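Subject: A structure to look through

Dear colleague,

I am handing over a structure that I would like you to open beside this message. Please keep it in view while you read, and follow each part as it comes up.

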Amino acid sequence: MNDIPMNENEKIITSIEMRLRLIDIEYNNLEESEMIKQIKRIYTEEYGEKIPANIDIFQSSESSELKNDESGYDGTAIHFSSKKNNINEVYVISQGSQGKEDWVYNVKAMFAGKEYRQASAVDKFVSNSIDQFQSNSNKTLDFSKIPVIGLSHSLAHNNNTTAHLAYGTFDKIYSVNGAQTNYYQLYLADDVFAQSVRKQFSISRLDEDAIYDLDPNKLREFAENYYKDEAKNIHQLISKDDPLYAVSGTRGFFTLGDTKFVDTDPNHEGLRPLIDKVPDHVIKDFQEIAIQYTVSSRKGGIDAVLKDILGINMSVIREIDGIGSFLDLYFTEQEKINAMLVEVNKKLPGLMEKIKTITGNSDVLFGELLKAGYVTSEQKDELVSTFQNIEKELVDTEKSIETLLIWRNSNSYLSAQIGADFGAYLRVKDNIESLMASFETLQKKEYQNILHGIISNHGIAEVLAELSGDGKSYIGNDMVLSTGSGDKMIQVNISATLRMYTMGKVILSEKEDVITKLESTIEGIIYHAYEEEKRQVINKINDMESNPIAYTNLLRKHVYYSRNSKTVRGINVHETLHPLHERAKLDTEVKSLHMSIVAGHEHLEIYRKSIEELFDEEKRVALLFDLMGG
């Protein structure tokens with residue numbers, strides 16, 4: 001695949017494969033030393049030489065600018081520098097969606113266009129990183145024109161690109177399977193763009209939601225033209241089967257920059273043609289629900305969402321677990337119940353209108369999934385039926401609330417009202433249980449496998465796997481080299497091979513250190529201790545023989561004399577001190593351990609030679625072993 005044109009100052013990361021592998025290791029959340037080690041390894045594998053620059057790492061968790069940031073942004077800044085090789089450049093890898101918090105942000109930021117805190121965090125982090133690297137270099141390097149390149153995947157593309165367009169954060173951006181930029185989001189993040197939109201379409205600054213009523217196609221064309229100069233520095237690689245690509249043509253999203261496509265799932269057409277057939281008013285209903293969710297969740301999480309969108313007061317619902325608690329709440333919290341019923345009655349019809357719009361298109365949606373080969377005919381029918389049941393249960397819930405209100409507004413006896421209220425509660429409870437059964441249908445393994453297959457095309461590994469050529473391919477983040485032809489084709493995971501070779505050397509080196517320590521211990525504790533004991537015995541013998549009178553008390557202690565005038569006049573010791581008889585055996589064992597180290601190195605070199613012989617010199621496999629093995 002032809003590579004992307006680079007800035008003249010981009011001297012380190014010059015290939016798509018290197019960028020993708022670098023973006024991928026960011027998800028491993030490595031310690032600084034380990035990340036530097038991995039960057040060096042990948043560079044050597046890709047370019048066949050040691051990296052010609054020093055590497056400094058600065059992570060978002062260290063940033064003083066993000067100390068109190070609650071956006072959920074994660075990223076790593078990498079500074080490559082070498083005065084000798086005239087290298088001075090910074091790469092910032094923003095991390096894509098991982099946990100629940102990121103996917104909640106996805107809905108708020110990208111789909112609803114109501115959030116941009118992570119994009120703001122990117123800009124702060126980049127600025128803080130430059131200051132940190134300049135400080136580390138003791139200001140010996142020129143940072144006034146240092147290129148800052150953004151690398152990103154998924155949500156991170158949206159963050160990096162929004163920061164680039166709104167704040168001028170990057171000189172260039174490279175992304176894979178990115179969540180596209182959203183012009184509703186930029187309307188909030190970029191004041192100058194917002195001012196231009198208001199002028200162009202004559203909308204009021206006071207009406208924040210007026211932008212959602214504009215023709216989305218005209219607004220997209222305006223945004224694309226407005227940011228056309230900045231778009232020249234944005235480069236994307238996208239799988240046609242990526243689910244984020246599927247939704248990138250819907251209202252709000254617009255794709256900027258130079259974009260190249262790969263097909264990671266030739267067996268399926270991808271979801272983009274399907275999503276493109278969804279009417280704009282359906283997408284708008286999705287969007288309005290997302291906006292409501294965003295605003296409400298900011299106020300108080302899921303409880304606030306349920307209260308604002310459905311009118312349900314969860315503090316009331318949680319208190320009801322049977323007729324006893326219902327009656328107790330009924331007589332003590334009547335005002336809360338009344339307020340909740342009024343809210344549900346007011347809000348549920350509007351929500352139902354949107355739900356009906358969405359479920360009303362389910363036959364078309366799942367019909368397209370059938371055409372694209374994602375589901376079977378039986379699965380399509382079951383899914384349509386399931387979503388129709390979801391709508392039915394929500395409609396029944398709405399009717400139960402309406403009936404309850406009719407009884408409350410009548411002049412019936414209190415007992416009748418209580419009975420009607422509790423009856424409505426039971427019906428709503430049945431509706432919820434039926435909804436849960438529908439949700440369980442959607443959780444069936446066969447549907448989860450379909451979903452997993454779709455989502456897998458969002459990964460970096462799948463894109464890397466498509467970048468094969470000249471006998472090189474990838475499995476995950478590992479490089480695979482091929483040799484031979486036809487039935488005799490051999491594939492070698494060269495990354496795993498080099499890891500085994502280098503780790504084998506490390507393990508043998510560590511083993512040798514342990515053996516050396518063992519020898520020292522044997523010499524110091526066993527042999528030395530024996531010699532020290534022997535020396536003390538000889539000294540004692542010499543003392544006894546040279547000063548026998550001093551040991552008279554030993555004679556008196558063991559032999560009875562009627563008079564104490566007896567004394568010792570001479571001592572002559574006939575000693576025999578044998579050598580430590582286990583020494584020869586220990587020497588043999590230690591020698592055997594040393595020989596195992598030699599044998600280990602020999603096995604590694606035989607393994608290396610066998611791999612090298614599989615490839616010709618052009619593959620530079622021998623050089624890779626030299627560089628990685630030391």
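Phe254 counts as buried in this predicted model, because its relative accessibility is 1% and the cut-off for buried is under 20%. Tyr183 is likewise buried, with a relative accessible area of 1%. The two rings have their centres 5.8 Å apart and their planes at 40°, so the pair is described as tilted. This pair links distant parts of the chain, since Tyr183 belongs to helix H6 (residues 183-189) and Phe254 to strand S8 (residues 253-254), 71 residues apart.

A second aromatic pair, that of Tyr226 and Tyr227, is edge-to-face, with 4.8 Å from centre to centre and 85° between the planes. Here Tyr227 is buried, at 1% relative accessibility, whereas Tyr226 is partly exposed, with a relative accessible area of 28%. Both take part in a cluster in which ring pairs also link Phe193, Phe201 and Phe222.

Turning to the sheet, you will find seven strands that form an open arrangement in the order S1-S2-S3-S4-S5-S7-S9, with mixed pairing. Strand S1 (54-59) and strand S9 (258-262) stand at the edges with a single partner strand each, so one side of each has no neighbour in the sheet. From one strand to the next, the twist averages 15°. Strands S4 (residues 148-154) and S5 (residues 172-178) run parallel and are joined by six bridges, and Leu151 stands opposite Tyr174 in S5.

Which strands does helix H5 touch as it packs on the sheet? Helix H5 (residues 155-167) touches S3, S4, S5 and strand S7 (234-239), and its direction makes about 145° with that of S4.

As for the nonpolar cores, the largest has 54 residues, of which Leu20, Ile39, Ile78 and Phe80 touch the most other members. Helix H21 (residues 494-546) gives the most to this core, namely seven residues. Leaving aside residues up to four places away in sequence, Phe80 touches several others, including Ile12, Ile39, Ile55 and Tyr91. Another core, of 23 residues, lies apart from the largest one, and among its members are Tyr187, Ala189, Ile211 and Leu219.

For the protein as a whole, the secondary structure comes to 24 helices and twelve strands, and buried residues make up 46% of the 630 residues. Its accessible surface comes to about 33300 Å², of which 52% belongs to carbon and sulfur atoms.

With best wishes

Technical notes:
Residues numbered from 1 in each chain as written. Predicted model: local features only at pLDDT ≥ 70, side-chain atom pairs only at ≥ 80, totals over all residues. Heavy atoms only, no water. Pairing = 2+ DSSP bridges. Helix = DSSP H or I, 4+ residues; strand = E, 2+ residues; numbered from the N terminus. Axes fitted to C-alpha atoms, helices over the stretch in contact; angles between N-to-C directions. Contact = heavy atoms within 4.5 Å. Core = buried A, V, L, I, M, F, W, Y, C linked by side-chain atoms within 4.5 Å. Buried < 20%, exposed > 50% of the residue type's maximum accessible area, 1.4 Å probe, protein only. Areas by Shrake-Rupley, 256 points an atom, 1.4 Å probe, with all protein chains shown as cover. Phe/Tyr/Trp six-rings, centres within 6.5 Å; stacked < 30°, edge-to-face > 60°.
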